[in-house]
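Visitor: Could you walk me through this one, beginning with the pockets?

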Amino acid sequence: MRFDIITVLPELLEGPFSHSILKRAQQKGLLEVHLHPLRDYALGKHKQVDDYAFGGGAGMVMRVEPIAACIEQLMAERTYDALIYTTPDGERLEQTTCNRLSLMENVLILCGHYKGVDERIREKYITHEISIGDYVLSGGELAAAILVDAVGRLIPGVLNDETSALTDSFQDDLLAPPVYTRPADWNGMKVPDILLSGHDKNIEDWRHEQSVARTKARRPDLWARYRGELP
Ligand code: ADE
């Protein structure tokens, strides 16, 4: 899977993909992340990528021309399955969207900045508008990093243990159960006996009960969805 990310702050995105699972995914040839500095497509000698908003008001708006030039160049090189714009007024990112995106081949992400991009870019090119939550970041780069991380780890072959993505929180609308490792007794705090029993079926049942209890207590909204009471 290939991500192309258009950004005014490429430096911010150099770190997140250079470690651990995503680094290994790239080394294995399963994931490519290409950063495209928007300023390379900027106008005039001041390399301007933003301008005042028509109609007045505080905050700058990202101009159409540099973004269009960058997107057009990339679209001439390959076909994109999704053109995503990271923005707080987008659709809230959820695991199901990540699952769907992980099956795609080429995904382009435009990172928003300032007051946002000129609406005409959204109208002409963008297929998905994604928010990572109801709060405002200073730019869309960290949202893009979260998106690539959440999607990248789902690409088949990226995780060593194929089943571990399937048992994540949210995969079946339930939170994950508690987990423990050695020592079995830490200053009198003991790991539940059942996990040491070696009885796979009982352990599986216990984990499911714990997931249900956690979901009911912490996320009644997810519990309602699990029970088929919400879309
Ligand atoms: N840009 C600024 N805030 C954002 C958010 N919450 N999600 C996605 N992109 C953003």
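Guide: One convention comes first: Ala, Val, Leu, Ile, Met, Phe, Trp, Tyr, Cys and Pro count as nonpolar, Asp, Glu, Lys and Arg as charged, and the others, Gly among them, as polar. This is a predicted model, in which local features need pLDDT of at least 70 and side-chain atom pairs count only at pLDDT 80 or more, whereas totals for chains, interfaces and linings use all residues. Residues are numbered from 1 along each chain as its sequence is written, and side-chain values use heavy atoms, with hydrogens and water left out.

Visitor: What volume does the largest pocket have?

Guide: About 390 Å³, where a volume is the space filled by probe spheres set on grid points joined across faces, edges and corners. On a 1 Å grid over the protein atoms alone, a pocket is an open set of points where a 1.4 Å probe fits, with protein on both sides within 12 Å along at least five of seven lines, and its lining residues have an atom within 4 Å of a point.

Visitor: And which residues are closest to its centre?

Guide: Of the 15 residues in the lining, those closest to the centre of the largest pocket are Thr167, Ala176, Pro177, Arg207 and Ser211. By class, the lining comes to six nonpolar, five polar and four charged residues.

Visitor: Where does alanine 176 lie?

Guide: Alanine 176 is in the loop between H5 and strand E8 (185-186), with helices (H or I, at least four residues) and strands (E, at least two) taken as DSSP runs numbered from the N terminus. Its relative accessible area of 24% makes alanine 176 partly exposed, on a scale where buried means under 20%, exposed over 50% and partly exposed in between (1.4 Å probe, protein chains only).

Visitor: What does alanine 176 touch?

Guide: Not counting residues up to four places away in sequence, alanine 176 touches Thr167, Ser169, Ser211 and Arg214, a contact being heavy atoms within 4.5 Å. The C-alpha atoms of alanine 176 and valine 212 are separated by 8.9 Å, although the two are 36 residues apart along the chain.

Visitor: Changing topic, which residues touch the most other members in the largest nonpolar core?

Guide: Ile5 and Ile109 do, out of 29 residues in that core. Strand E1 (2-7), helix H1 (20-27), strand E5 (82-92), helix H3 (95-101), strand E6 (106-111) and helix H5 (141-152) each give two or more residues to this core, and H5 gives the most, with five. A nonpolar core here is a set of buried Ala, Val, Leu, Ile, Met, Phe, Trp, Tyr and Cys residues joined through side-chain atoms within 4.5 Å.

Visitor: So what is isoleucine 5 in contact with?

Guide: Leaving aside neighbours within four places in sequence, isoleucine 5 is in contact with Leu13, Phe17, Val33, His34, Leu35, His36, Ile109, Cys111, Ala144 and Val148. There is also a second, separate core of 21 residues, which includes Ile6, Leu38, Tyr41 and Val49.

Visitor: How many disulfides does the structure hold?

Guide: The structure holds zero disulfides, a disulfide being a pair of cysteine sulfur atoms within 2.5 Å. For cysteine 70, the nearest cysteine sulfur is that of cysteine 111, 11 Å away, and that distance is too far for a bond. Cysteine 70 is buried because its relative accessibility is 0%, and cysteine 111 is buried as well, with a relative accessible area of 1%.

Visitor: Is lysine 47 buried, exposed or partly exposed?

Guide: Lysine 47 counts as partly exposed because its relative accessibility is 39%. Tyrosine 114 is partly exposed too, with a relative accessible area of 39%.

Visitor: Last topic: what does the secondary structure of the chain come to?

Guide: It comes to seven helices and nine strands, and the C-alpha atoms of the chain fill a box of roughly 70 × 40 × 35 Å along the principal axes. Of the 231 residues in the chain, 39% are buried. Among contacts between residues at least 6 apart in sequence, 74% join residues at least 24 apart.
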